Amino acid sequence: MTSPRSSARERILDAYQACLNDLGERAATLDAVAAAAGVSKGGLIYHFASKEALAAGLVERLERLGRDDVKAMGTTAESAVGHFIRSAAHAQSPFGVTAQAVQTLARSGHVGAVRTMHALEQEWYDVLLRATGDRVVARMAQLVGDGIYYNAALAVTEPVAVDPDEAGEAGDAGEAEAHPALPSPAEQEDLVRALLRMIGD
């Protein structure tokens, strides 16, 4: 059973990562995070004494989620490549949202965030390499997955209103394709099969 203290701590981290993703690092102040979490500033400071402590807590969360993700990749080429490609499309998963927030910290120069992101990228590559036995395929799978994740993170979740006269044959009038660069599930499977066929070539 989750204790009230740990529940409040997680709620504050949720609010912090939301502020980072929605507002940016500079605007994710203690006051803004406290307001988003629905706690007083004193209540926030009880769990996290500073912005650095908040950042460290969020980096620790990503490390934990990252370990789970690496384990989920499995040991076979099909499981490792398949998991990496498919999961990359879920940028709004708990792992994806936390990763976006830590990337925001990394771009602002947070050393711990940079090191954690680099370490996670290396762990993914190492699993892909062990599973495929092919350095080129492992690197290509990683780059394809990173590209899918990038587009998933930018994806518009709601239809975009456009001029019906300009919609043409692209889709229903009044709506535009939300994320044209994000591969469909069927296309993701095609990518997985293509990468697996390259092993040993």
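## The second largest pocket

A pocket, as the word is used here, is an open set of grid points with protein on both sides within 12 Å along at least five of seven lines. In this predicted model, the second largest pocket holds about 230 Å³ of space. Leu 20, Asn 21, Gln 100, Gln 103, Thr 104, Arg 107, Tyr 149, Tyr 150, Ala 153 and Leu 154 form its lining, and the elements that give two or more residues to that lining are helix H1 (4-23), H6 and H8. Sorted by class, the lining of the second largest pocket consists of 5 nonpolar, 4 polar and 1 charged residues.

## The largest pocket

The largest pocket of the model has a volume of about 380 Å³. It is lined by 20 residues, of which Phe 95, Glu 121, Trp 124, Asp 146 and Tyr 149 are the closest to its centre. Two or more lining residues come from each of helix H5 (77-88), helix H6 (94-107), helix H7 (111-132) and helix H8 (135-154). When the lining of the largest pocket is divided by class, 10 residues are nonpolar, 7 are polar and 3 are charged.

## How H5 packs against H8

Two packed helices are described by the angle between their axes and the distance between the axes. For H5 and H8, the axes come within 7 Å and cross at roughly 15°. Because angles under 35 degrees count as roughly parallel, H5 is described as roughly parallel to H8. The crossing in which H5 passes H8 is left-handed.

On the H5 side, the residues in contact are Val 81, Phe 84, Ile 85 and Ala 88, and they meet Ala 141, Gln 142, Val 144, Gly 145, Asp 146, Ile 148, Tyr 149 and Ala 152 in H8. By class, this contact of H5 with H8 is made up of 9 nonpolar, 2 polar and 1 charged residues.

## How H5 packs against H7

H5 also packs with H7, at an angle of about 145° and with the two axes 8 Å apart, and the crossing of H5 and H7 is left-handed. From H5, the contact involves Ala 77, Ala 80, Val 81 and Phe 84, while H7 contributes Trp 124, Val 127, Leu 128, Ala 131 and Thr 132. The contact of H5 with H7 has 8 nonpolar residues and 1 polar residue, with no charged residues.

How values were computed: Residues are numbered from 1 along each chain as its sequence is written. This is a predicted model: local features need pLDDT of at least 70, side-chain atom pairs count only at pLDDT 80 or more; totals for chains, interfaces and linings use all residues. Side-chain values use heavy atoms; hydrogens and water are left out. On a 1 Å grid over the protein atoms alone, a cavity is a set of points where a 1.4 Å probe fits but cannot get out, and a pocket is an open set with protein on both sides within 12 Å along at least five of seven lines; lining residues have an atom within 4 Å of a point. Grid points are joined across faces, edges and corners, and a volume is the space filled by probe spheres set on the points. Helices (H or I, at least four residues) and strands (E, at least two) are DSSP runs, numbered from the N terminus. Ala, Val, Leu, Ile, Met, Phe, Trp, Tyr, Cys and Pro count as nonpolar, Asp, Glu, Lys and Arg as charged, and the others, Gly among them, as polar. Axes are lines fitted to C-alpha atoms, for helices over the stretch in contact, and angles run from 0 to 180 degrees between N-to-C directions. Angles under 35 degrees count as roughly parallel, over 145 as roughly antiparallel, 65 to 115 as roughly perpendicular and the rest as oblique. A crossing is left-handed if the near helix is turned anticlockwise from the far one by less than a right angle, and right-handed if clockwise. Contact means heavy atoms within 4.5 Å.
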